[in-house]
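Here is a briefing on a ligand and the pocket around it. Look over the sequence and structure before reading on.

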Amino acid sequence: MTKDLNISAEEMYWRLRVFDSLSYPSVILSLDKTLIGANKKFYEKFNLSFKEIFGRKCNHMFLFKDTPCDSEDCTINKVIRDKKSHRFTVKHHYKWEERVFSPIFDETGEVTYIIGSMRDITHTKSLESQLHGAKEFISRVIYSSASAIVAADRQGNINLMNSMARELFGDTFENGGNIKHTEQLYPPGKAKEIMQMLRNEKIGGKGKLLIPRTTIINASGEEVEVEMSAAIIYDEKGNETATMAIYNDLRDKIQVERELKMTQKQLAQSEKMASLGRLAAGVAHEINNPLTGILFYASLLSERSDLDESVSEDLGCIIEDANRCKEIVKSLLVYSRSADTKKNIVQLNDIVEQSLKLIRDQKKFRNIKIKKHLSDEMMLINADTSKLNQVVINLVMNAVDSMDDSGAITLTTYKERVLNKVFLEVKDTGKGIPREHLSKIFDPFFTTKEVGKSTGLGLSIVYGILEEHDATISVKKTGDKGTTFIVEFPMYRSDQLAQGICKA
Ligand SMILES: Nc1ncnc2c1ncn2[C@@H]1O[C@H](COP(=O)(O)OP(=O)(O)OP(=O)(O)O)[C@@H](O)[C@H]1O
Ligand SMILES: [Mg+2]
């Protein structure tokens, strides 16, 4: 038993062995920062002996300088002052070392010595820097992604939104940037529904979901169509820790698809009209000659003075019907564009006025109001006046026919400078066009009117004439409150004349 310390020899022995068995090189310093000993690991690592270190000052040994450091920052001063361990890391060459200095207390609790240990932390540091690099890389990938990415905790609190997501959801600084919860991203109830689908293994697999088309809500309350893929993020034990979703804005794609569909529809329509036009031209041509013969001989016969009254009446009917057939043939020729076209630079408003003058005296117009909203601007187009008169007259007559002897027809013209277009709209308050008829109204002979009174050639002629003018016609709106037809002409520009594009 060692009397002073009150410990056994065995205890004394193992306590001494502990210091030598420490796996980190360690030194003992007195309070004046003088080295008074080191453990076996230290002597081995630095290839030094007791004699070489004993009595050396800490600043010599570790900082390679003659003057001691008495500043507040000196770790040993801090250990003595605070009576607790302090650590710091140093780098020399490519090695990182952590130095830990701890107080050794006497039996009264005062610091008597200081023990310092050195630990090589190069490997840990390199792992740390790799982890930091990987984290930074992932963060850069997320933030520079062209897709919108949002991540949230299990309660739905958003903790990551990359810049595309901020743009898509309109969560910008200017907008207040106050999207905090996943429920703010969707129409009511949708966030919950998505979480249920994510947890349903039968939909997309466990914790995964792909929705080709869904709706989100942006900061201005606008619904936006997106493609969405979502996932639950699990920890290594398989517990849910977070959720994430990637969104791709479909607005541009949908717009392109819509335009493509429209172009395909227009292409199909113009192909149909072109083949019908060829057929009409052929029929008109074949019928025209025998018809001229019928009219000629019937007229000759009718001039004879020896005819019975009843024969004379019958001949009158033949001539009337043959003339009607001639009119149809003429219309067919206009539709099939065999008739001559003479174009001039004309004011669209003048054409509208002129056409209305040609028809306004008809009885049919008695209780129908004609309203004109004609633009004050010059609305020049390169057109055949008499053919465009036919277009306006046909549209107005159809409008009249769609109403029961009362209502209003509004003719509007306006100009779109950016598109270089001039527009004419003919609106009525009639019964509208049934949806199933919309694809047929421009077909020759399609009519819903009384057989014998209408030929069903009006709109097909309009279509043919407008094609010759590089113009288009479509139904802008139709329903039980009426129909609006819209005609779109290329605007005549004065530079076209100079370039010789437009010859009247
Ligand atoms: N403004 C309109 N409102 C309702 N239906 C219309 C309108 N314009 C055209 N239609 C429908 O389109 C059909 C075809 O019109 P189109 O002008 O080609 O022939 P039509 O008027 O029947 O005969 P035609 O013009 O030869 O006298 C009409 O029969 C009618 O059903
Ligand atoms: Mg008509």
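The largest pocket has a volume of about 1,300 Å³. (On a 1 Å grid over the protein atoms alone, a pocket is an open set of points where a 1.4 Å probe fits, with protein on both sides within 12 Å along at least five of seven lines; lining residues have an atom within 4 Å of a point.) The volume is the space filled by probe spheres set on the points, which are joined across faces, edges and corners. This is a predicted model: local features need pLDDT of at least 70, side-chain atom pairs count only at pLDDT 80 or more, and totals for chains, interfaces and linings use all residues. Residues are numbered from 1 along each chain as written, chains are lettered from A and ligands numbered from 1 in written order, and side-chain values use heavy atoms, without hydrogens or water.

**Pocket lining**
- The lining holds 42 residues; Asn398, Asp401, Lys449, Ser454 and Gly458 lie nearest the centre of the pocket.
- Elements giving two or more residues to this lining are α10 (309–335), α12, α13 and β17 (helices, H or I, have at least four residues and strands, E, at least two, as DSSP runs numbered from the N terminus).
- α12 gives the most, with nine residues.

**Ligand placement**
- Ligand 1 sits in the largest pocket (more than half of its atoms lie within 2 Å of the pocket's grid points).
- α12 (385–401), α13 (458–468) and β17 (482–490) each give two or more residues to the shell around ligand 1.

**Ligand contacts**
- Around ligand 1 are 19 residues, with Thr447, Thr448, Lys449, Thr455 and Leu459 coming nearest (a residue counts if one of its heavy atoms lies within 4 Å).
- Polar contacts are pairs of N or O atoms within 3.5 Å.
- Lys449 places a polar side-chain atom 2.5 Å from a ligand 1 oxygen.
- For Thr455, a polar side-chain atom is 2.8 Å from an oxygen of ligand 1.
- Leu459 uses a polar backbone atom, 2.8 Å from a ligand 1 oxygen.

Technical notes
Polar contact = N/O pair within 3.5 Å; in protein donor to acceptor, adjacent residues only side chain to side chain.
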